[in-house]
Amino acid sequence: MAALSSSFSDTNKTFSLGRTALVIYAGLFYAFLYVPILLLVYLSFNDSQTIGLPFKQFTLRWYSQIFNSQDMLAAIANSVVLGILSAVIATALAVLLALGFRYDLPMKGLLMKIVLMPILIPGVVGGVIYLIFFGYGEVQFGLWTTVLPVHITWVLPFAFLTLLPRMHGLDRTLEEAAADLGARPMTVFRRILFPIIKPGVIATMMFSFTLSFDEFIRTLFAMGSQRTVPVHLWSLLSNQMAPFLPAVGVVIMIISMSVSLIGFALTARSGRSVPVDDH
Amino acid sequence: MTRTKLRGLLLVLPATLWLLVFSVAPVALLVAMSFWTSSIFGTTADFTLDNYKVILDDPIYFKVLFQTLRIAATVTVVSLIVSYPMAFFLATRSNRTKALFLVLVFLPFWSSYVVRTFVWLPMLGRTGLVNTVLINVGLINSPLDWLIYNEGTTHIGLVYVYTLFMTLPIYLSLDKLDPSLIEASADLGAGPWRTFRRVVLPLSVPGILSGCVMVFLLACGAYVTPQLLGGTSGIMFGNVIAPQYTVTNNWALGSALSVVLVLVVLLCLIVFGRKVRLNDVFTGG
Amino acid sequence: MSEDARTKSFMMDRRRLLQGAASMTATLGFGGASKAQTSEVTLLMINAMVGPTLKPIVEDETHLKIADGPYVSSTDVVSRLTAPGGARYDLMNSSFAFSAPVVMGAKAGQERVQAVDESLLPNLKHINASSKFGIAERDGKIYMVPSSWGIDSILYNRAVVPDDDPYTQSWSLLFEDKYAGRIGWWDVAHQMLMAAGLYLGHAKPEQMDREQLGEVAKFLIAKKKNVRTFYSTFAQGSNLLSNGEIDVCYGVAPMRNELQKRGFNVTGSWPKEGVLSLLNTSYIPKDCKNVAGAHAVINAMLGERYSRALSDGCGYLPVTESGMTDVTPERHKKFGYGILDGTVKHYPLAFPTNMNMWIEAWSRVKTA
């Protein structure tokens, strides 16, 4: 795993030239990633009716407006709970699925294609199919009735793809031996399988949470009257002049980061110093 | 059936059922609906091929479709070029700092997708950051109008928004590299560039393919980014499909357009996948 | 039980469980829509009509909480009447000329909304003469009730476009080359093609045939190069204008109102070809959950307080007599009260004879 790093630290002239160029490139890349974000933070303190430069004066009013906005807080609560639920359920389904994939099943190729389907259906289409499906199914559009299933379905293939390489090599004989010795499936899972796959599962749940939190286009078509964070942001953009939008963006970022970093810390604590292929 | 096979089937059952209900069934309904009749007053289940006829007859649909594929392909290539060195950088950090650099790459993606797209308006607009800097520095006298609301902006927006989906798989691929291969190559006298070209690059191909497929798929379905940033010329197929459901009430045509998009995208993947087995791509090689 | 049946019953139970859980969490106050059914009315209308100064008036007079959904366009509103899954709102409101054909259906018995109970609408009698055509009646029952007049024209930034520029007196401001690169178009087929049709001299643009429509589309495609970007919602258009990204755009009255309230130096023009006018009308979908509440809202919107606050609140004009009294000359001019008494030239946004052709034509303009 430290292959490239070790060969990289050889004291070789060409290497060091390449090394410097690479570091400079990385710096530029980080700049590309961060400049827009930093601009957003900057603008969130701008006392101006329009979203943009010039910077008129410093103000905290946009932030206070957010924390007083019931809609905003509700959207955040919705997204967080939705994210956790989607992550847990999708990961659970994905763990079972990945475990099952170790066996030689009929029509495994077809099953793989079915699993990949939500990813293969491009964004907008992925949303309209639920508009049609739930509409004709006379299911009431709502956070837990339609949006949650959509999120789980969207996250499931990603969770599966993250777990599969890990499960692939898991030796079945260990479980089978335990089962032969009389252990029930739940025990086998809890005592033997789970400890091995735990880091991967945590990583998958983190990834799943991020995916669900960020999911926008499918949610837009499948939602009822309650909003998630991306939908709320989009509605602020579209439905009103919202000079407080940058502040909202920053708040979302902080919340999202906090939850992800917590998950990250959990992964780090479960026995790995560097979560190298945790995604 | 053997006991092990039964165990395997039971394990995959929950997810399979879930997907049959929430993935296969809706898509099947979509396909069915593409053959129904719609008017501004509603949709009825009367069979017709008219929707597909309209798509084939009216040149605007294929025009936007090819534009979409073109933009998606360009975005994929640019994303690859931009991301690969970064992935290499990440993979070559020491174990101590690797996590930090990785988290730093992730951090911007923990803001919302809508935010990451929208932020390009105050970046590139007339009163945006780029124009303000250029004017203050004295390079230009009045704001550049062409920075935004065109196809180029759509490209920039899409590359920015989906970078992580390219960087990550490539990084994972590179990170899994077997040290002995590098050492062997060095022992055999190959210089660093040669080692890279002959050993590292080919072994990172699964990650490259995985990233490319992901970004291409995501870009083909883009809706928000072209609408916010694309102006009058940078629209994509998502912007043609969505109004059928929200504005013109022509659900049947919208469904037909959706089916066409999915088929064309799948076709691209299959053609692309001839060179490589797509299953391997998705399982990380 | 066979595996299939077990699966099926599991699925049905799950769905029932989910729906039950949904209503439970709703009453737990999770996420916002937590009030009990009878004290809240959900409505879909131009959000400005229940904006910050107007919503309190309605809520106060009806003793109900108003939850307004995100309005996109008249087409979107009307399409919900025909979409599967029901309308999902207690009260809906959209442009009369545009919606009446769909709402009323082709003949008796095909109405897609329920008739109103006139006993619950005492303010009905206060509707002024110009607005009476918005009361959609059939067989002695009323289905649609007017609520406000909208005026569409061109919004422009007075710092860039001088008021005395002759272009401001015509729709040419929105199309011609003079302000190339500074123009924004609203992404809707109906309004844009109608404005262009008026500008190009068609007496009744809604009756344009395929050839004439094609010519208008060709004109728009030729002028598209002057357009900086399209916008889909009022707010997006306002944001573009306020940011200085565009200086001229197709503007609706609420946009002008909002921008002026926030101190932006924009104003609307009164093109000689005629502003485009529309009458917003309310109707109650068949699956309305709070029928009494919906009636109360309609009635409040016909009341005196609402009518008097309407223009300042969102730029629209009232449909009642009380709203027309005590109007100062500057307000008369600023808000265009001349539409109600005939001193301002306006052209009603009528429903095109072939809407599909219009949509097609606009798609061509957009993708060219």
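This is a predicted model: local features need pLDDT of at least 70, side-chain atom pairs count only at pLDDT 80 or more; totals for chains, interfaces and linings use all residues.
Residues are numbered from 1 along each chain as its sequence is written, and chains are lettered from A and ligands numbered from 1 in the order in which they are written.

The contact between them involves 16 residues from domain 1 of chain C and 12 residues from domain 2 of chain C, two residues being in contact if their C-beta atoms, placed from the backbone, lie within 7 Å. On the side of domain 1 of chain C that touches domain 2 of chain C, helix H4 (96-104) and strand S11 (275-285) of chain C supply at least two residues each. Helices (H or I, at least four residues) and strands (E, at least two) are DSSP runs, numbered from the N terminus. H4(C) accounts for the largest share of this side, 3 residues. The side of domain 1 of chain C that touches domain 2 of chain C comprises 11 nonpolar, 5 polar and no charged residues. In this classification Ala, Val, Leu, Ile, Met, Phe, Trp, Tyr, Cys and Pro are nonpolar, Asp, Glu, Lys and Arg are charged, and the others, Gly among them, are polar.

Between chains B and A, 85 residues of chain B are in contact with 86 residues of chain A. The most residues on the side of chain B that touches chain A, 21 residues, come from H1(B). That side of chain B holds 57 nonpolar, 21 polar and 7 charged residues.

The contact between chains B and C draws on 20 residues from chain B and 25 residues from chain C. Helix H1 (3-33) and helix H3 (59-91) of chain B are the elements that give two or more residues to the side of chain B that touches chain C. H3(B) provides the largest share of that side, 3 residues. The side of chain B that touches chain C consists of 9 nonpolar, 8 polar and 3 charged residues.

Chain A contains 12 helices and 0 strands. Of the 279 residues in chain A, 48% are buried (20 or more other C-beta atoms within 10 Å of the residue's own, C-beta atoms being placed from the backbone). Among contacts in chain A with a separation of 6 or more, 78% are between residues 24 or more positions apart.

Notes
A residue is buried if 20 or more other C-beta atoms lie within 10 Å of its own, exposed if 12 or fewer, and partly exposed in between; C-beta atoms are placed from the backbone.
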